[in-house]
Amino acid sequence: MIKYNLAELTAEFEANPIGHHSPALRHLLQKLRSSPTKGKFVLVCTKPYREWVLATLTGSRKNPVKLNKRYVFNDLLEAERFVFRRRLKAFTRLEEDQ
Amino acid sequence: MTRARYITGYSDPMSVAPGGSIHFYVSAEGVTQYRADIVRLIHGDLNPAGPGFKEKVVQTSVSNNYPARRQNTYPGSCIVIHEKAALAALSSFTLQAFIWPTTPQKGRQVILGRWAAKQRSGFALIIDETGAAALLLGDGRRVETISSGLALREREWAFVAATYNTDSGNAQVFQETLEDHVVLKGRATAERLTRVKPRMVNRAPFTISAGFSHTDDQRSVFCYHYNGKIDRPRLAGDVLDSSTQISFQKHRPQPEQENIALAWWDFSENMATTTITDRSINQINGETVHLPTRAMTGHNWTGHTLRAEDAPEEYGAIHFHDDDLYDSGWNISFTLDLPDRFRSGVYAARLKAGEIEDYIPFFVRPKPGRPTARLAYLAETATYMAYANFNVLHAPETEPWVSRLLIVYPDNLLAYQHDEWGKSLYESHSDGSGISVSSRLRPITNMRPKNNSPFGLHGSSLREFCADTHLIDWLDYKGYACDVITDEDLDNEGVELLRPYAAVMTGTHPEYTSTHMWDALKAYTDQGGRLMYMGGNGFYWRIAYNQECPGAIEMRRAGGSRTWITEPGEGFQSIDGEPAGVWRDVGRAPQRLVGTGIVTMGFDIASYFKRLDESHDRRVAFAFEGIGADERIGEFGLIGGGAAGLEFDRAEPHYGTPPHALVVARSENHTESYLLLLEEMGAMIPNIHAPENPLIHADMVFYETPKGGAVFSFSSQCWCGSLSHNGYNNNVSRMTSNVLTRFLDPAAFDV
């Protein structure tokens, strides 16, 4: 199993959420982003180029997203960082449990 | 989430010439009235970092308020048999077929019969609620189901039959698997005396793969749609014993059997059409509704041939889907009658109801043979249709693919709430089989200005139609006179459509190409035409336009990098019998048409081009006037921040890039999001990401063609997203202008 230097990878991601990433960060991101559809974080664009609301996919086609209006972003990179931190926390907990 | 208020619609046709008429079909919910205006669309991108949204209202007779109402769409394919006389006398009968059900557990599904659901009347061989073959009988009051009691297995051929004797009231049902599952039960029968005498409802026709529900505004509405393949459905006007059933299933009835053989439908006849042929003496022919998939392998397919034409008797199946859709069939909401003089361009019917709005784009082309400019822009309407209502958020691999958070846009939610409007050619039917037919006679929620896609890049996340408006805007800003023509026009009219033009420009993503289109573009450049390929991933998939059903295209994902895979033996198009899949597999890689062909796609950010040595060749000096030798070209742009990205192409002499072609610039520094195209590797290789694989770059290519023609390929879907940067004053805009100016100049190229 790969041992991630999470402090380093977090710093790398936070500095540049979208774009070039090191192989180790790429590897970690593949894990974080590969969760099943149901419950997966997505953004819903509520004002073009200005506002995105955090949501989760429900797995149902008719009502595909559940909005979480407590988390509204005006910057896509901030949204990326927020979700990264959330997922990393869950991932770390899972690693510890194992 | 509650059902969204909306207003939307479609037009027919999508491309219209001055003097012609175009109808608009509008549906709305949650509003009572709307305002419609015709607008010329210029720039569809709302990104505040760019020029902003641009439209111009055009005064036409359309401008008015209209009452809003919901118009229903009833998807699901089936066959309707219109013959009434021969069927009216039916009393005792046998129904039988080979079937390959894909959703046997979905609930009641009609295989064949005459069933009026609302009146609870008629008879049908069905799959019942337990997944078993059953006979359904109804006399208007009572409904009886005689079930085999054995669930059919998914994607397994079975023979199913049902008989009814009107004199004795004896009803039988029989099913038997054609697979050799030695440990699983595969045969079941049931027999019962019933007092339910089927009563016929006059307006309910005999149908295959659905029952009759009701009529809505003179449209027949069907129900109990079956999912899966049906092969050799038969109808006899008598009770056949099992040995006669077998012989009736296999052998065309002889004249002396006329009294029992009512219908012997053969789906391998007229496979390119909607016609269903009865090969019995009665000729009780029918027609398909909503374009089910034809030329499909039957129960007896051997694999000795892969092409229906070579062994039609092995291709006796049609695959029906409960979400097939050809024509939504709405009523006309308003019509635009174009005057004799009307500027060619990209237009839309703009619909507004308070804060709710929609645009129905359409294209005004010049009258045939009457060009109004020396330049033509070829709108990639086949690609718009292929991506219609593209919605793949539900695949777990989608986010790893786009390398950033998925962003859901209003059009995604609207399309999800309206599955009845049909999905894209990238998705699967409700039974999991790939979608191979697309139609423009339905709302296409993502073929809109102001549209963003989860599959775009960071920044302006634009694709296809909306991305193409970057080019429309640039042409408008620069004042280039330009006619607009479409893929469908090109398929219809061939090279004659292109011949009057000194130069033709593509859009940003001309991916879907029929044989007529390919031949016309090649003939154009071979006969002196000049082609500017303004995008990436062009001329990749083969399609066929359905001549019998205008507005529909067929495409099968046989080969290529794909989101679904055709079943074995089903890799030929039904419309024209041509091999389906990618152009490369028939020896016409995109490199043969435009010098470059797709190598990768990625969905995070874009990069830039740098000049190569061949850019200093005097033959191509015109393109680089005002461009420095070491300048990075397009290190900016609305889409992903660069001119090289999203989906892009490379030159490859082995695939067909002409030997004299100049590869003048190449992109570099792409992220790991860009993966090598499947066809670029024979076996699995480890270095499939851009930073590790040297093949992953975009090549800009120029070459001369016979009789003074030429091709210039920018080879990246992001190129046009960089045109407006810095008030249209940048090296992408300059190069595009340089090439266009030279291509419009009749002077011969100095080869």
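Modeller: Let's start with buried area, the accessible area (1.4 Å probe) that two parts lose on being put together, summed over both. By that rule chain A and chain B bury about 3,200 Å² between them, 58% of it on carbon and sulfur atoms. On the chain A side, A:R26, A:Y49 and A:R61 supply 25% of the area buried against chain B, more than any other three residues. This is a predicted model, where local features need pLDDT of at least 70 and side-chain atom pairs count only at pLDDT 80 or more, while totals for chains, interfaces and linings use all residues. Residues are numbered from 1 along each chain as its sequence is written, chains are lettered from A and ligands numbered from 1 in the order in which they are written, and side-chain values use heavy atoms, with hydrogens and water left out.

Colleague: Why is the pair A:R61 and B:D419 called a salt bridge?

Modeller: The label needs a side-chain nitrogen of Lys or Arg within 4 Å of a carboxyl oxygen of Asp or Glu. For A:R61 and B:D419 the closest N and O atoms are 3.0 Å apart, so the pair qualifies. Between chain A and chain B the count is 4 salt bridges.

Colleague: And what makes β1(A) and β29(B) a strand pair?

Modeller: Strands are DSSP runs (E, at least two residues), numbered from the N terminus, and two of them pair if DSSP finds at least two bridges between them. β1(A) and β29(B), residues 407-408, have 2 bridges in the parallel sense, so they pass. In β29(B), the bridge partner of A:V44 is B:V408.

Colleague: What makes B:R40 and B:D476 a salt bridge?

Modeller: Their closest N and O atoms are 3.4 Å apart, so the same cut-off lets B:R40 and B:D476 in. Across the interface of domain 1 and domain 3 of chain B, the rule finds 5 salt bridges.

Colleague: How much area do those two domains bury between them?

Modeller: About 2,200 Å², 62% of it on carbon and sulfur atoms. In domain 1 of chain B, B:I42, B:D45 and B:F363 lose the most area to domain 3, together 22% of what that side buries.

Terms used:
Helices (H or I, at least four residues) and strands (E, at least two) are DSSP runs, numbered from the N terminus.
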